[in-house]
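Visitor: I am new to this structure and would like a close look at a single part. Could you take me through the aromatic pairs, and then the strands that follow?

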Amino acid sequence: IHNPENDAEVRSISTDKQGRIWLGFRNECIRISGPQNAVGYLDKNGRIVKEKNSCGILAYNILHDSQGRVWIGCKKSGLYLLEPTADSTRYQISHYGHSPEDPNSLRENQVYYISEDSRGHIWIGTLGGGLHLWDNGQFIHSGNGLGILSEEKPQNVRFISELENGIVGVCAKEGFFTFSANFTEPSQIHFFQNTRTHAPHS
């Protein structure tokens, strides 16, 4: 991939259903490379334009989900959701962040990872605020009912991925956690903290 932003640090990369490559740069540019390396840039209004510009989003992680939506996690400014419109060159942008007055908002604005499991759940991992489950504009987390029966929960999340058979793995500063995505209510989720066991000395 030819990188005209060779003076900028790349923070994130993802590929959408059209095979376009999205690159997030430290200078708050998001570049989209299409067929034959045609280049466009996301602007502040959600349009993909030819002219290089800054959309004002420092993308730390980008996810393209099964519905064609684009999720962008930022290290300091929360979560952006880009929803497709009838115009293939424009997205509707929504921004979500922590609000002390809203218990259903993000617990922290440091979004490090976003993942979709095979059941269509969107999981957001934050540093300091733990794991979040997207719920149509609100977020379910350990502060409002996520996995309330679990004594240990991931709080500083770095990576999320479904492993197999609906089991989701979460990498965090607190260790490696797993849980089942087959649940009826988020409160039913039980987190298993996987720790290293040392073999006894012979």
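**Aromatic pairs and a run of strands**

Guide: In this predicted model, Y96 has a relative accessibility of 18% and therefore counts as buried, since the cut-off for that word is under 20%. W134, at 14% relative accessibility, counts as buried too. The rings of Y96 and W134 form an edge-to-face aromatic pair, with 5.2 Å from centre to centre and 80° between the planes, and this pair links distant parts of the chain, because Y96 belongs to strand 9 (residues 91–96) and W134 to strand 12 (residues 130–135), 38 residues apart. Ring pairs also join Y96 and W134 with W71 and F139 into a cluster, and the count of aromatic pairs comes to ten.

Another of these pairs is formed by W123 and F183, again edge-to-face, at 6.1 Å centre to centre and with 65° between the planes. W123 lies in strand 11 (residues 122–126), while F183 sits in the loop between strand 16 (175–180) and strand 17 (192–194), so the pair ties together parts that are 60 residues apart in sequence. Both W123 and F183 are buried.

Strand 15 and strand 16 run antiparallel and are joined by six bridges, with V170 opposite F177 in strand 16, and they form a hairpin with two residues between them. Strand 15 (residues 167–172) is also joined by six bridges to strand 14 (residues 157–164), again antiparallel, and there V157 has A172 as its bridge partner. In the hairpin of strand 14 and strand 15, which has two residues between the strands, N165 takes a positive phi near 50°.

Definitions and conventions: Residues are numbered from 1 along each chain as its sequence is written. This is a predicted model: local features need pLDDT of at least 70, side-chain atom pairs count only at pLDDT 80 or more; totals for chains, interfaces and linings use all residues. Side-chain values use heavy atoms; hydrogens and water are left out. Rings of Phe, Tyr and Trp (its six-membered ring) pair if their centres lie within 6.5 Å; planes under 30 degrees apart count as stacked, over 60 as edge-to-face and the rest as tilted. Helices (H or I, at least four residues) and strands (E, at least two) are DSSP runs, numbered from the N terminus. Buried means under 20% relative accessible area, exposed over 50%, partly exposed in between (1.4 Å probe, protein chains only). Two strands pair if DSSP finds at least two bridges between them.
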